[in-house]
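Morning, everyone. I have one structure to walk through today. Please keep the sequence and the model in view while I talk.

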Amino acid sequence: MGPIFLLLTKIHCEHCLKRERKYIDKETGEEKIKTIYMHHVLEAKLIVGNMVLSVASEFIENESEDVKKQDCELKAFYRLTARLKDTFKKLPICLIADSLYACENVLKQCKANNWNYLFRFKEDRIKSITDEFEALKNMEEEEAKKANVVKIRESEQRGEITWVNDIDYRGFGVNVFECELEDEKRKQKFTFITDIKITKDNAKKLMNAGRSRWRIENEGFNRQKNLRYHIEHASSQDYNAMKNHYLLTQITEIIMVLHEHGQKY
């Protein structure tokens, strides 16, 4: 899941989201405020090997220009997941998303829908989980440390995955794993939170699944924004026409991706 952005310096319609940004005027040196207008879309993407396909879109939009509280990504998430559950009632689903979704209400939603989750986790997102993970991960008992570590030795990468299962968070048993990777160019460190119990057999698979979210950014959004469809540009002054254009773009991309990958075989 992830948002796509259309940024404008002038208001497009009454449904625009808006943000105020401070900047320094180069001529006067004064601090000023500029209002940016935008349209966001929350996308549910299906990852199938190297293919990224749209399965649902939820527009993040204000009801009118004078709303007191703007629509946001988390509000759109609950609308989107309700439609996903209604459309795919029995489909096993594992949500892969960024750290914004690592919160109590989203975990409740996943549990109610009988979905798995695998979210990127940043240390400042839920401090109690971070503190317990760090405390248990750094235990001095060597046997405990050996039990929850998998070494990675591949042709181009070296590193390890460390994890702690069954960390209590408001009645949820969550599992956290940390990946440290290094190759000739750089060192990387990233952490994930999941409801799937982590073992030596699945730790690497979970790491690869969590990292596949970046495929949505690179092979999904980046191509649609910059290489093929230029969806960041306003396609119409009419709001409904703009949304229809966006949805048709997603259908077109599905056909193109299936065609391109089908040609290989």
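First, the ground rules. This is a predicted model, where local features need pLDDT of at least 70, side-chain atom pairs count only at pLDDT 80 or more, and totals for chains, interfaces and linings use all residues. Residues are numbered from 1 along each chain as its sequence is written, and side-chain values use heavy atoms, with hydrogens and water left out.

Now the whole chain. The protein chain has seven helices and ten strands. Those are DSSP runs, numbered from the N terminus: helices are H or I with at least four residues, strands are E with at least two. Along the principal axes, the C-alpha atoms fill a box of roughly 65 × 55 × 45 Å. How much of the chain is buried? Of the 265 residues, 43% are buried. Buried means under 20% relative accessible area, exposed means over 50%, and partly exposed is in between, using a 1.4 Å probe and protein chains only.

Next, helix α1, residues 73–87. The expected span is 1.5 Å times one less than the number of residues. For the 15 residues of α1 that gives 21 Å, and the end C-alpha atoms are 21 Å apart, so the two agree. Which residues of α1 are buried? They are E73, A76, F77, L80, T81 and L84. These cover an arc of only 135° around the axis, so they sit on the same side of α1. That arc is taken from the directions from the helix axis to the C-beta atoms. An α-helix has 3.6 residues a turn, so residues three or four places apart point the same way.

On to the hairpin. Strand β2 (residues 17–24) and strand β3 (residues 31–48) pair in the antiparallel sense, over eight bridges. Pairing takes at least two DSSP bridges between the strands. Find K22: opposite stands I33 in β3. Six residues lie between the two strands, and G29 in this hairpin takes a positive phi near 75°.

Last, the cysteines. C72 is partly exposed, at 32% relative accessible area. C94 is partly exposed too, at 36%.
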